[in-house]
Amino acid sequence: MALAHLQFIGSDKPNVDSCQMVSSPSPVILTQDELKKIAAYKAVEFVESGMVLGLGTGSTACHAVARIGELLKQGKLKNIVGIPTSKKTHEQAISVGIPLSDLDTYPILDLAIDGADEVDPYLNLVKGRGGSLLREKMVESACKKFVVIVDETKLVKHLGGSGLAMPVEIVPFCWKFTAERLRMMFMDAGCVAKLRRFSENGEPFVTDNGNYIIDLYFEKDIGDLKVASDEILRLAGVVEHGMFLDMATTLIVAGELGVTVKNK
Ligand SMILES: O=C(CO)[C@H](O)[C@H](O)COP(=O)(O)O
């Protein structure tokens, strides 16, 4: 089975042993959004009637939420309870008719489906470029199964190695102090720490929890991810970070050559 298309950026030898190609190569060039939709629809095949579902946030996860709503309307799924990971997903889920609840009522979920910003070969993730990392981490760490859905541009060899942001949610109080502490923590990796702002008015981006986000950019590899994770979480002022280590149980990747499902 040809799996050469499942490339982790910068990887010499992608770990694809446990991958399964589930659709044949398509002769059509698909847009990134079409690929996201394909991955999302594939993930919804894991959903069964009666499940309590974690509903992710972002442009990929919204295809899954829409599809679940569609299947509920068609009567192909029944008795679904959704636990949304953001206010935006809450609104979308209501609009497509998914009954909602929360973690207080359902502390254990059957399955969560969500996108990611980066995925490494061990299914560790960077999430939160959409700003919902805290609720996503709370919901997805309470799931028996966590299915991550991405298009193939999200595959990386090392987290933080794509040159894009590694988000950290912090309290607004003295945010410059916290940003500087984070920068110093990863000085050896050439870290730049930037407060996320709304592009329209330059005001700080505020999360659903009333917090700010510091986006970390690295010039070099940050080394052991668990060590980095623990160190960030020990810093007073930090609420949560966007590294989701050892949480995903299944990865669905849509690429120009088809869809691949990889189980951990
Ligand atoms: O973590 C997230 C939001 O906080 C998203 O899942 C992540 O940013 C991926 O988004 P998209 O599916 O739009 O590429």
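How many bridges join strand 4 to strand 7 (residues 143-151), and in which sense do the two strands run? Five bridges join them, and they run parallel.

The model is a predicted one: local features need pLDDT of at least 70, side-chain atom pairs count only at pLDDT 80 or more, and totals for chains, interfaces and linings use all residues. Residue numbers start from 1 along each chain as its sequence is written. Helices (H or I, at least four residues) and strands (E, at least two) are DSSP runs numbered from the N terminus. Two strands pair if DSSP finds at least two bridges between them.

Strand 4 covers residues 109-114, and five of its six residues are buried, so this strand is largely enclosed by the rest of the structure. Buried means that 20 or more other C-beta atoms, placed from the backbone, lie within 10 Å of the residue's own. Strand 4 is also joined to strand 2 (residues 52-55), by three bridges, and these two run parallel.

In a regular strand the side chains alternate between the two faces of the sheet. In strand 2, V52 and G54 on one side and L53 and L55 on the other are all buried, which leaves both faces covered. Strand 2 pairs with strand 3 (residues 81-84) in the parallel sense over four bridges.

Some individual partners are listed below.

| Residue | Partner | Strand of partner |
|---|---|---|
| G54 | I83 | strand 3 |
| G54 | A112 | strand 4 |
| A112 | F146 | strand 7 |

Terms used
A residue is buried if 20 or more other C-beta atoms lie within 10 Å of its own, exposed if 12 or fewer, and partly exposed in between; C-beta atoms are placed from the backbone.
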